[in-house]
Amino acid sequence: MECGKCTWFIPDAFYPETDVGSYVSHEAVCVLNTGDKDANILITLYFENKEPVSGFKAICGARRTNHIRMDKIVSEDGKKVERGVPYAMLVESDVPVVVQYSRLDTTQAEMSFMGLLAY
């Protein structure tokens with residue numbers, strides 16, 4: 001069974017600048033592909049005061065998931081997600097997928113976790 005859509009938006013993303021303790025703050029774009037073809041994922045980042053950055057690519061295999069860690073992904077031209085800079089994301093796939101966003105914030109001892117379904 002194939003479900004989902006090919007275009008997803010995540011309007012509130014943020015990779016915190018600091019970590020407290022041994023846990024590392026991070027975000028993930030969680031992709032679920034229930035179809036029979038691999039999904040080619042393209043992520044574009046949007047900012048308040050500068051031009052978008054594109055070229056972040058990943059693959060989610062057929063009938064698989066891929067938790068794309070935004071602290072580990074690198075664009076085609078070597079760019080990384082900046083820490084401490086708010087941004088939004090456009091997630092595009094060549095086959096329908098479901099996208100969830102999650103963030104682990106370890107900037108204080110009382111860590112917080114947020115997860116939401118993208119739009």
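1. The accessible surface of the protein chain comes to about 6800 Å², and 52% of this area belongs to carbon and sulfur atoms. These values refer to a predicted model. Of the 119 residues in the chain, 39% count as buried.

2. As to secondary structure, the chain contains 7 strands and 0 helices. Read from the N terminus, the order of elements is therefore β-β-β-β-β-β-β.

3. Which residues have the most contacts inside the largest nonpolar core? They are V29, I43, L45, I68, M70 and M89, in a core of 26 residues. Two or more residues of this core come from each of β1 (5-13), β2 (26-33), β3 (39-46), β4 (53-60) and β6 (87-105). The element that gives the most is β6, with 7 residues.

4. I43 deserves a separate look. Leaving aside residues up to four places away in sequence, I43 touches V29, V53, S54, G55, F56, I68, M70, M89, L90 and V91. Among these partners, V29, I68, M70 and M89 are also listed with I43 as having the most contacts inside the core.

5. Is C30 buried or exposed? C30 has a relative accessible area of 11%, and because this is under 20%, C30 is buried. C3 has a relative accessible area of 26%, so C3 is partly exposed, since this value lies between the limits of 20% and 50%. The structure holds 0 disulfides.

Methods:
Residues are numbered from 1 along each chain as its sequence is written. This is a predicted model: local features need pLDDT of at least 70, side-chain atom pairs count only at pLDDT 80 or more; totals for chains, interfaces and linings use all residues. Side-chain values use heavy atoms; hydrogens and water are left out. Helices (H or I, at least four residues) and strands (E, at least two) are DSSP runs, numbered from the N terminus. Buried means under 20% relative accessible area, exposed over 50%, partly exposed in between (1.4 Å probe, protein chains only). Accessible areas come from the Shrake-Rupley method with a 1.4 Å probe; for residues, only the protein chains shown count as cover. A disulfide is a pair of cysteine sulfur atoms within 2.5 Å. A nonpolar core is a set of buried Ala, Val, Leu, Ile, Met, Phe, Trp, Tyr and Cys residues joined through side-chain atoms within 4.5 Å. Contact means heavy atoms within 4.5 Å.
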